[in-house]
Amino acid sequence: MGHPPSHDNILPKRIILVRHGESQGNLDGAAYTTTPDNQIPLTPHGIEQARLAGERIHQFVSDGGVSQNWKVYFYVSPYRRTRSTLREIGRSFPRNRILGVREECRIREQDFGNFQVEERMKATKSARERFGRFFFRFPEGESAADVFDRLSSFLESLWRDIDMKRIVHHQRCDEEINLIIVSHGLALRVFLMKWFKWTVEQFENLNNFNNCECRVIQLGSGGEYSLAINHSEEEFIQWGLSPEMIADQKWRAKANKGDWNDKCSWYLDTFFDHLPCNSDSDDNGNAPSDQNGEKENNAAPAAPQCR
């Protein structure tokens, strides 16, 4: 998550991730052969998807119109399809509810190179499946690992904006702030990977967002952010989260800020699976002695799963 801000009362209540609506490139891959990726437009259906997404987000953050204590702030990729998506989403929000909007280049789509030759791109994407989605770098383009680096930089800036109150400006600190990030499928998956400290292997199993699909990271009662507050286990399974990742999201929903999830296997025992859960061994790996000075157990214990 980068560096959490020091002022708890200005933490955003929610961070809502939104993929752009259906684009011409989603409909026909040949569009990339003649149109730069950043200029690919939405289809009429994509425009309608974005408009409906705006209505859903407005209903959600306003609690169906019941809440009067909320504001939104937008970050948007500079690509045409994301900007158009935001324009349609924005139709659902009155001006006095919008704190601001920022075009942010670091949340743009993964770079695939320049104009794309369709047959060559099919072969390249096939090679990506064999090589691995995270580390495979497109010729003249980026890998998901490259996207991870720039998303990490964006998160540092995001926390700095929050910490220095650049988002809230003169607003009351008791208002519910909703950050809405309009971006692209892979960039948003990488965002989640960075935010929740998921591993490369876990990223490889994630499924892409649908067009105009939203995923809500919300601040839990104890001060940790979680997907589990607004999303179901069935959704997590559809998205490709493992049972361990799902359990971690449920833990985060009620965890106190700064707590360590001892049951999160990829934090420790993935790398140090020779360690018992509650080892009292000394620094040399020797087991403790009982009251008679004898070793409690001469046999090396089987590596447990600390769950």
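**Close-up views of a predicted model**

**View 1. Helix H4 gives the largest share of the lining of the largest pocket, five residues.** Helices (H or I, at least four residues) and strands (E, at least two) are DSSP runs, numbered from the N terminus. This is a predicted model, in which local features need pLDDT of at least 70 and side-chain atom pairs count only at pLDDT 80 or more, while totals for chains, interfaces and linings use all residues. Residues are numbered from 1 along each chain as its sequence is written, and side-chain values use heavy atoms, with hydrogens and water left out. The volume of the largest pocket is about 580 Å³. Its lining has 26 residues, and Tyr32, Glu109, Phe112, Lys125 and Arg128 are the closest to the centre. Two or more lining residues come from each of helix H1 (24–27), helix H4 (118–131) and helix H6 (185–196). On a 1 Å grid over the protein atoms alone, a pocket is an open set of points with protein on both sides within 12 Å along at least five of seven lines; a cavity is a set where a 1.4 Å probe fits but cannot get out; and lining residues have an atom within 4 Å of a point. Grid points are joined across faces, edges and corners, and a volume is the space filled by probe spheres set on the points. By class, the pocket lining holds 11 charged, 10 polar and five nonpolar residues. Ala, Val, Leu, Ile, Met, Phe, Trp, Tyr, Cys and Pro count as nonpolar, Asp, Glu, Lys and Arg as charged, and the others, Gly among them, as polar.

**View 2. One cavity of 30 Å³ or more is present in the structure.** The largest cavity has a volume of about 50 Å³. Ile10, Pro12, Asp161, Ile162, Lys165, Ile167, Val168, Ile177 and Leu179 form its lining. At least two of the lining residues are supplied by H5, and at least two by S4. Seven residues in this lining are nonpolar, two are charged and none is polar.

**View 3. Six strands make an open sheet of mixed pairing, in the order S3-S2-S4-S1-S5-S6.** Strand S3 (98–103) and strand S6 (225–226) are at the edges with a single partner strand each, so one side of each has no neighbour in the sheet. Helix H2 (residues 44–61) packs on the sheet and touches strand S1 (14–19), strand S2 (70–76), strand S4 (176–183) and S5; the direction of H2 makes about 170° with that of S1. Contact means heavy atoms within 4.5 Å.

**View 4. Strand S5 (residues 214–219) runs antiparallel to S6, joined to it by two bridges.** Two strands pair if DSSP finds at least two bridges between them. Gln218 is opposite Ser226 in S6, and Leu219 has Tyr225 as its bridge partner. The hairpin of S5 and S6 has five residues between the strands, and in it Gly223 takes a positive phi near 110°. S5 is also antiparallel to S1, with five bridges joining them; here Val18 stands opposite Cys214.

**View 5. Helix H5 (residues 144–163) packs against H6 at an angle of about 65°, and their axes are 9 Å apart.** Axes are lines fitted to C-alpha atoms, for helices over the stretch in contact, and angles run from 0 to 180 degrees between N-to-C directions. The residues of this contact are 13 nonpolar, one polar and one charged. On the H5 side they include Phe148, Leu151 and Trp159, and on the H6 side Val190, Phe191 and Lys194.
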